[in-house]
Amino acid sequence: MANIPSGNRDSFGSKFGVIAAAAGSAVGLGNIWRFPLVTTQNGGGAFLILYISFIVFIGIPVMLSEFSIGRRAQLNAFGSFKKLAPKTPWYLVGFLGILTAFAILSFYSAVAGWTLEYLVQAISGKLLHTDDYVKNFADFSTDVYRPLIWQMVFMFLTAIVVYAGIKKGIEKFTKILMPVLVILIGVVVVRSVSLPGAAEGIKYLFVPDWSAVNFKTVLMALGQAAFSLSIGMGTLITYGSYIQKDNHLLRTSSQVALADTSIAILSSLMVIPAIFAFSSVSIDQMSPGPGLVFEVLPAVFKAMPGGVIFAVVFFFLLAVAALTSTISVLEVVVAYLKEELGMTRGKATIIASVSISVLGVLATLSFSSLSGFHIFGLNIFDLLNFASANIMLTFGALFIVVFVGWKLGKSNFLDEISNKGEIKSVLHKIVFFIIRYIAPVAIGIIAVAALFIKGLT
Ligand code: TRP
């Protein structure tokens, strides 16, 4: 049933296109503003070893689970569960994914919009003529209109790509943008590691400090690995449904994970040495997130010879990294509306982006007019961030591995990832073992812990 060719359904046209799109989803703000600091502050090389182990032993199997669900069903995240497990409530997992996409995109687009403001500030020269970067960011983010306008611009850019479809939109853009992103990061890395004092930063980043590792660090490494690969919400199920039947899914998952991890490490080489060379604030006192990219780094660029150019390049690459992620989230909702509610791609794109923007407005306004409005002690932005990254994504990932391990089952899974027995690999059975027994326990622990500890993912 599941392998019926789906007629003229849009799909990725090339292997590189699949990798560019999926790596584009994975490589985002998490790689650039979280990974470098989280790694440096939690044991450097020791954290890196844990992180890479989690990517390999948990991340790749979960990614493979999502790809195999989507490719087998040839449908959106919701429809996939309905088709593979008819007359059961498993479709609720797909529905959770659609909701998660809504929640993530509403605050992610706010932040993505900020990168455009900073790009413009960098180009106009305003950024490097500022003295107080904390005030500069506070002035901007508490403004009512400017952040909203940028957020809408960003949603519009996202919508244009998604509207153009899979081959002609998402694949075409990510195939250009991902290599551009790598080159631009490379440019900033070369500058950063050649600064005086950079060696100190590189050492701090890579030399393992096992004394900094504890239970929370281990959970953080797993949380960061899962968030970074964009697993747990159906993005990769949706993309998987556009992957051709002859694609070697295990190889593709490994290549995407390798690209994501390499870019995270490159981002660290871009950010950490420069901070060591120029920042007056100690790295242990910084927290990952907006403060790093909108307050600390502008000051670093200002102090750096040729900093204007690097500031422009940096904010441009940040916007590119965010865009290739936002399109993958919007596509989750668009594919759902299109296939489950019978809308055209155009209509689905408009409805999805407008309704997400409405929630996004609330997220953005939580820094200005709605700053006094709190639910469970969090403003709307923080609430959406916490609910989606900490809770919805981790439970989503948990349900997905349980689904593949216990419902879809070994023979269906092996049939799908081996392309009906064509690819023979001992790894396939090992991966299934992980999906069935190990991943649910590991993700289950983090899902429960993430309810209580903020900042795990
Ligand atoms: N992986 C993205 C990053 O590193 C963030 C992210 C998490 C994401 N889940 C997602 C992006 C789903 C797109 C879709 O920033």
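This is a predicted model: local features need pLDDT of at least 70, side-chain atom pairs count only at pLDDT 80 or more; totals for chains, interfaces and linings use all residues.
**Ground rules.** I number residues from 1 along each chain as its sequence is written.

I looked up a nonpolar surface patch. Tyr145, Ile149, Val153, Phe156, Leu157 and Ile160 make one of about 590 Å². Patch residues have over 30% relative accessible area and no salt bridge, and nonpolar side chains are joined within 5 Å. A salt bridge here puts a Lys or Arg side-chain nitrogen within 4 Å of an Asp or Glu carboxyl oxygen. Areas are Shrake-Rupley, with a 1.4 Å probe. I placed Leu157 in helix 7, residues 145–163. Helices are DSSP runs (H or I, at least four residues), numbered from the N terminus. Leu157 has 34% relative accessible area, so I logged it as partly exposed (buried is under 20%, exposed over 50%, partly exposed in between).

**Helix 7, packing.** I checked helix 7 against helix 15, residues 345–365. Their axes are 10 Å apart, at an angle of about 155°. Helix 7 is therefore roughly antiparallel to helix 15 (the term needs an angle over 145 degrees).

**Positive phi.** Ser230 has a phi of about 60°. I found Ser230 in the loop between helix 10 (215–228) and helix 11 (235–240). Ser230 is buried at 14% relative accessible area. Asn419 has a phi of about 55°. Asn419 sits in the loop between helix 17 (410–417) and helix 18 (426–452). At 8%, Asn419 is also buried.

Terms used
Side-chain values use heavy atoms; hydrogens and water are left out. Patches are made of residues with over 30% relative accessible area and no salt bridge: like charges are joined within 9 Å, nonpolar side chains (Val, Leu, Ile, Met, Phe, Trp, Tyr) within 5 Å. Helices (H or I, at least four residues) and strands (E, at least two) are DSSP runs, numbered from the N terminus. Buried means under 20% relative accessible area, exposed over 50%, partly exposed in between (1.4 Å probe, protein chains only). Axes are lines fitted to C-alpha atoms, for helices over the stretch in contact, and angles run from 0 to 180 degrees between N-to-C directions. Angles under 35 degrees count as roughly parallel, over 145 as roughly antiparallel, 65 to 115 as roughly perpendicular and the rest as oblique.
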